[in-house]
Amino acid sequence: MKVSYNWIKEFLNIDLDYTKVSEILTDTGLEIGGVEEFQSIKGGLEGIVIGEVLTCEKHSNADTLSVTTVDIGNGNILPIVCGAPNVAAGQKVVVSTVGTTLYDGDEGFKIKKSKIRGEVSEGMICAEDELGLGTSHDGIMVLDSSIENGTLAKNYFKIENDIIFDIDLTPNRIDAASHYGVARDLAAYLKQNENVEFKNHSVDNFTIDNNNLPIEVIVENQEACKRYSGLTISNITVKESPDWLKNRLKSIGLTPINNIVDITNYILQEQGQPLHAFDADKISGNKVIVKMLSDKTKFTTLDEQERELSDKDLMICNDSEGMCIAGVFGGAESGVTETTKNIFLESAYFDSVYVRKTAKRHGLNTDASFRFERGTDPNNTVFALKRAAILIKELAGGEISSDIIDVYTQPVENKIVDVKYSHITRLIGKDLGNDNIKNILEGLEIKIISEQDDELKLEIPAYRVDVTREADVIEEILRIYGYNNIEISDSVKSALSYVENPDKNKIKNIISDMLSSAGFSEMMSNSLTKAKYYTDNENYKDDETVKILNPLSIDLDGMRQSLLFGGLEAISFNKNRKNKDLKLYEFGNTYFLKGENNENSQLNYKEQSNLALFLTGNKNKVNWNLEAEPSTFFELKAYTENILLRLGFDLSKLNKMYNSKTIFAESVLYLLNNKAIVEFGVVDTKITKDFDIDDLVYYAEFDWNNLLKLSVKNKLEYKPISKYPEVKRDLALLLDKSISFEQIVKLANKSEKRILKTVSMFDYFEGEKIGKEKKSYGVSFTLQDENKTLTDKQIDKVMRSLINIFQRELGAEIR
């Protein structure tokens with residue numbers, strides 16, 4: 001949100017350096033995202049002066065040029081070649097001196113000393129469009145003859161210079177979405193140490209001229225429109241706004257339109273209260289009716305787009321049709337035009353939920369909806385209405401031709417909050433002093449109803465929608481006092497806490513460190529995602545997606561059921577930026593719904609923690625001595641099993657299922673006690689192509705809840721390395737293709753439990769030479785006795801036993 005420093009000064013008698021103001025606002029919670037300088041004329045007319053043409057003669061080598069001498073004051077007389085047809089001796093003109101930069105839009109050009117057709121020219125006599133003062137280029141500007149030579153043009157034309165603060169306004173601070181609101185915070189801070197006068201504009205001179213144009217207001221839906229105020233003004237003249245008003249709007253990035261519309265925008269930015277002006281002659285039946293229209297009613301808005309209304313959209317109507325989408329956008333037929341003579345001015349308080357849903361439904365985001373969605377001040381509608389009416393009479397003429405209509409049947413009550421001084425000191429960590437606390441509360445327009453011993457009873461203004469509890473009030477006090485003014489304590493107070501087993505954070509950090517050390521990058525994706533990812537997907541049930549009732553966009557209309565799609569979005573994002581070789585991991589929650597997804601049903605939500613791994617592209621960076629090697633399923637398998645081993649799982653005790661989900665082209669599911677622990681494999685290319693990913697993506701998703709529960713039973717034990725040597729023996733086994741290596745490992749461990757330490761595969765072969773239905777494994781066995789050195793006799797006995805069981809159980813042939 002852009003805020004003008006000059007505008008703030010209308011409410012505060014201060015003259016602080018803008019850097020100090022920026023620091024104060026940031027410290028009080030209105031963080032300044034940027035500061036820029038504004039000039040009502042780009043360049044500020046620097047280097048431009050008023051001069052007098054002393055002589056003017058035709059150029060000897062050009063029919064359309066004149067050679068002049070111009071007195072610019074202080075005895076400086078410049079020769080200037082001019083091409084304007086109306087230049088003449090004795091005129092007071094505007095002169096750009098050598099070195100001055102003139103602007104055409106954002107592009108500038110510098111005035112230089114030059115020769116034009118042989119004549120020296122040391123400046124430029126300007127037309128109004130060349131200075132940015134108008135659009136005419138018929139000739140040079142000729143000013144009043146009484147102006148003193150050498151007068152600075154910026155002083156004569158009263159160029160306005162301003163500092164614009166760009167405030168990163170947080171959603172809860174809608175009370176500061178106006179210049180008055182920002183000035184209020186600034187005043188509250190400054191009043192702690194100095195006497196600062198802070199006041200709003202007066203509306204005491206508001207008067208009703210006649211009652212010649214009464215408009216009846218009927219509010220049918222008082223839940224959606226809690227207050228509706230309005231009045232009529234007749235015999236106005238719609239025209240261009242004066243420079244001061246245009247400059248105020250342009251300084252904060254708004255485009256002036258006409259005096260009536262500009263005033264409504266001005267009041268919105270000044271007071272934070274949206275207004276809307278209707279052409280009163282287009283209000284059929286002289287009635288304004290606030291109601292809903294039938295579903296699918298067609299309505300054309302100010303941007304000339306025809307929109308289809310919902311029966312939940314609040315509309316401002318006359319007795320025959322809609323005129324405006326309440327709090328969001330005006331209609332094309334009822335707005336103010338150059339021919340408008342009479343207006344009805346609206347100032348209302350619409351319910352934030354209704355406005356938010358309507359704005360999102362139609363994809364509209366206006367300055368008015370921004371404020372109504374977050375909550376405006378219900379008690380400010382009449383003040384803003386009077387302030388606007390006074391300005392309209394001043395700038396457009398006319399008479400106020402009706403009483404103020406104010407439909408406010410159920411006034412919004414200010415909140416009452418009890419606060420204790422002792423609680424303020426305890427939470428802030430410093431005794432601020434009772435008088436200072438009351439001074440801050442007064443500056444924030446929080447009324448002290450009563451004070452008794454340690455307790456204050458406070459009345460919170462209705463516009464402070466974010467202040468509802470004692471803790472909120474204390475936060476407000478601390479915000480204005482200044483977080484940086486709280487000294488760091490030299491003592492630490494803490495309480496002993498019970499650490500559950502397993503320690504979830506500790507285990508998470510262990511695995512994070514392990515993966516990061518292995519070259520993985522941690523990612524974090526949004527829990528809000530596209531609900532369509534889970535529509536017509538065999539692996540996920542669409543009715544289990546937690547749908548967002550009021551989504552920010554269709555891309556964020558559901559809660560994720562899997563970490564897969566967020567990871568694919570990240571891979572696609574990196575791939576489009578030439579970063580194709582990725583190893584990513586993410587800890588995150590997934591969400592499921594059991595029951596109907598509506599506002600009234602009792603919902604049964606399920607939240608589940610997961611860990612996801614992603615591999616794609618090459619496993620290593622190409623170097624002069626290292627060729628590209630693509631990531632593989634077995635690389636992912638190694639990382640997956642290393643995580644399980646690190647958490648104490650015995651891989652031999654895990655059960656396996658294959659290809660249980662169609663999101664994978666091929667996958668393996670590990671289970672323990674019939675509980676899924678992890679599934680990993682290669683993602684189906686039909687899915688990755690939807691994300692424009694050409695490379696294979698390898699994905700593993702751990703059920704982190706099950707993993708933690710089962711890991712409790714795993715006891716990690718450490719023992720010294722044996723001083724007795726290992727012995728390795730190899731076998732080449734010819735087997736049927738249906739036999740897996742896992743079966744070999746299980747049989748080997750079953751046959752010899754004491755001295756057989758590991759079983760590994762070092763070779764694999766298939767081919768016609770050994771038979772189409774056969775395959776060959778090269779298997780290595782590591783033997784070791786913890787208490788003595790093995791003898792050849794013991795080793796041979798173990799190997800004969802292994803050979804026998806392989807031949808008997810698997811039909812193996814020893815090659």
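A charge sits over a ring if NZ of Lys or CZ of Arg is within 6 Å of the ring centre and within 35 degrees of the ring normal. In this predicted model, the charged end of Lys 42 sits over the ring of Tyr 103, at 5.1 Å from the ring's centre. A search of the whole structure finds 26 aromatic pairs.

**Trp 7 and Tyr 266**
- The ring centres of Trp 7 and Tyr 266 are 4.7 Å apart and the planes are at 20°, so this pair is stacked.
- The pair links distant parts of the chain, with Trp 7 in helix H1 (residues 5-8) and Tyr 266 in helix H7 (residues 259-271), 259 residues apart.
- Trp 7 is buried, with 0% relative accessibility, and Tyr 266 is buried at 2% relative accessible area.

**Tyr 764 and Tyr 777**
- The ring centres of Tyr 764 and Tyr 777 are 5.5 Å apart, and their planes are at 50°, so this pair is tilted.
- Tyr 764 belongs to strand E38 (residues 756-765) and Tyr 777 to strand E39 (residues 774-783), so the pair ties together parts that are 13 residues apart in sequence.
- Tyr 764 is partly exposed, at 39% relative accessible area, whereas Tyr 777 is buried at 5% relative accessibility.

**Ring cluster**
- Phe 520, Tyr 585, Phe 587, Tyr 639 and Trp 704 are linked into a cluster by ring pairs.

**Another charge over a ring**
- Lys 606 has its charged end over the ring of Phe 592, 5.8 Å from the centre of that ring.

How values were computed:
Residues are numbered from 1 along each chain as its sequence is written. This is a predicted model: local features need pLDDT of at least 70, side-chain atom pairs count only at pLDDT 80 or more; totals for chains, interfaces and linings use all residues. Side-chain values use heavy atoms; hydrogens and water are left out. Rings of Phe, Tyr and Trp (its six-membered ring) pair if their centres lie within 6.5 Å; planes under 30 degrees apart count as stacked, over 60 as edge-to-face and the rest as tilted. Helices (H or I, at least four residues) and strands (E, at least two) are DSSP runs, numbered from the N terminus. Buried means under 20% relative accessible area, exposed over 50%, partly exposed in between (1.4 Å probe, protein chains only).
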